[in-house]
Amino acid sequence: MTIHALLAAILLLLALPLAADPHAGHGQTEASDDERRILYWYDPMYPQQHFDEPGRSPFMDMDLVPRYADADDDGTSLRIDPNLTRNLGMRLTRVETGQLTESIEVSALLGYDQRRLNVLQTRTQVWVDSVAALAPEDVLEAGTVLAELLVPDWVAAQEEYLALRRLGDAELTAAAWQRLRLSGMPEEMMQQLRQSHRVQTHWSLRSPVDGVLLELPLRAGMSLPAGSTLARINGLEQVWLELAVPQSQASMVQPGLAFEFTLPGMHEQSLSAVIERLLPEADSASRVVRARAILDNPEQRLRPGMSGRARLTLERDDEQLLVAADAVIRTGRQDLVMLAEEGGRFRPQQVRVGREGAEQVEILEGLEAGELVVSGAQFLIDSEASLRGIMARAAEPLDQDMHSAEGVVLYRDEDGLMLDHGPFGSLGMAGMAMQFALDPGLDMSGIEDGDAVRVWVREEPDGLPIVHIEKLEAQP
């Protein structure tokens, strides 16, 4: 039994108690079945197939059921008893224009804040006396001793400075002091020299910040030339958060956009952040644009390499025709709404949907502002419409065999259009980069590489040719 047939049967059962008029007199009776005009016969398990004569169903082991003509049946819509609509909890919502607010969820990865990378180098030749028992990825506090170094050039420069100071030549003493500073001698060692009047033979290499040790390429007994890297330390008071935004939606993501970030393992606690910038290079493998945010990390609970989910709320600047998301019936081959008309009548109407938000859907064709559609119990009404053979009016120029998705044009060649597309929901096809054939006569004027588009395809035995394409407006 199909879901439409099942729901239709439920609707008919619910309608039975309401068929009788409670205010009718004893002398008033319903017309007998023999007196009512029969439109056709059908199998309740397969209501879309109509038969001109009674008989046995070719689908199920049962007799065909007559479909009688109602007095107000116009063949394109159906009337539902007001009492029944109240029992079903049916709600009506108005089609309106407004700004669509989309909510998308993207993956995000924590990384080191590269602006807080400290690289320790020597400006002169050094010898390594000893190295602390440390290894990469150890977390350090500011001032932690990394190694003890001997710098011969500093020893000679200190002795020169002390000798000139004893002679009392202020100008030469100042020049010797400046040479110590230019040689790279740390300020604290220079102050110890000035106060103690004694040569500082060893340099205690210390971490300048709280952070994580990334590199310590020192071993006792090593001799390193000038310019050698002694250690690399990255601060952890802030971390970078890199978001993977689908290429087709990247135009709506701009610096300054606030979002929520959820990290598994932290009791689903949400962190607020703001996109700092969009990175200039997209990921060629996954077809995503990377966006960066900065998160404060005072307790160092956020560790580079952790991954989570970021929820972005995107609001378009232009106005669109919008309808409640729960008013759209998705059959897999077409999208429908139940249009409410005067006199308690309802008509199935095919629509073309565009972008989808959390609570609203953009309508490209099929409806007009101010119309009323059903947003509750519409599946039961749709089932009754199917039972009566009432077909939805198509939203031109597309028919019910179309499937649509958004994407970005990568390039066009003699084989067709290479498209980085999002999911085709009605086909159950995930987003990917794929080449599509173009329907003969398809108007591609104004479509260029890099454009964000919405395409409609037709499922055929040898592929999915694009039969309609529309360019999406670029976001500021």
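Residues are numbered from 1 along each chain as its sequence is written, and side-chain values use heavy atoms, with hydrogens and water left out. Because the model is predicted, local features need pLDDT of at least 70 and side-chain atom pairs count only at pLDDT 80 or more, whereas totals for chains, interfaces and linings use all residues.

Salt bridges, defined by a side-chain nitrogen of Lys or Arg within 4 Å of a carboxyl oxygen of Asp or Glu, number 18. One of them joins Glu276 to Arg115, with the closest N and O atoms 3.2 Å apart. Helices (H or I, at least four residues) and strands (E, at least two) are DSSP runs numbered from the N terminus. Accessibility is classed by relative accessible area as buried (under 20%), exposed (over 50%) or partly exposed (in between), using a 1.4 Å probe and protein chains only. Glu276 is partly exposed at 27%, and Arg115 is partly exposed at 46%.

A salt bridge also links Glu341 and Arg347, at an N to O distance of 2.5 Å. Here Glu341 is partly exposed at 27% relative accessibility, whereas Arg347 is buried at 12%. In the salt bridge of Glu460 with Arg458 the N to O distance is 4.0 Å; Glu460 is partly exposed at 32%, as is Arg458 at 25%. A network of salt bridges connects Arg56, Asp61 and Asp63.

Four aromatic pairs are found in the whole structure. Rings of Phe, Tyr and Trp (its six-membered ring) pair if their centres lie within 6.5 Å, and planes under 30 degrees apart count as stacked, over 60 as edge-to-face and the rest as tilted. The ring centres of Trp154 and Trp203 are 5.0 Å apart and the planes lie at 50°, so this pair is tilted. Trp154 in helix H3 (residues 152-167) and Trp203 in strand E12 (residues 202-206) are 49 residues apart, and both are buried. Tyr161 and Trp177 form a tilted pair, with 5.2 Å centre to centre and 50° between the planes. This pair links helix H3, which holds Tyr161, to helix H4 (residues 170-182), which holds Trp177; both Tyr161 and Trp177 are buried.

A charge sits over a ring if NZ of Lys or CZ of Arg is within 6 Å of the ring centre and within 35 degrees of the ring normal. Arg194 lies over the face of Trp177, 3.9 Å from the ring centre.
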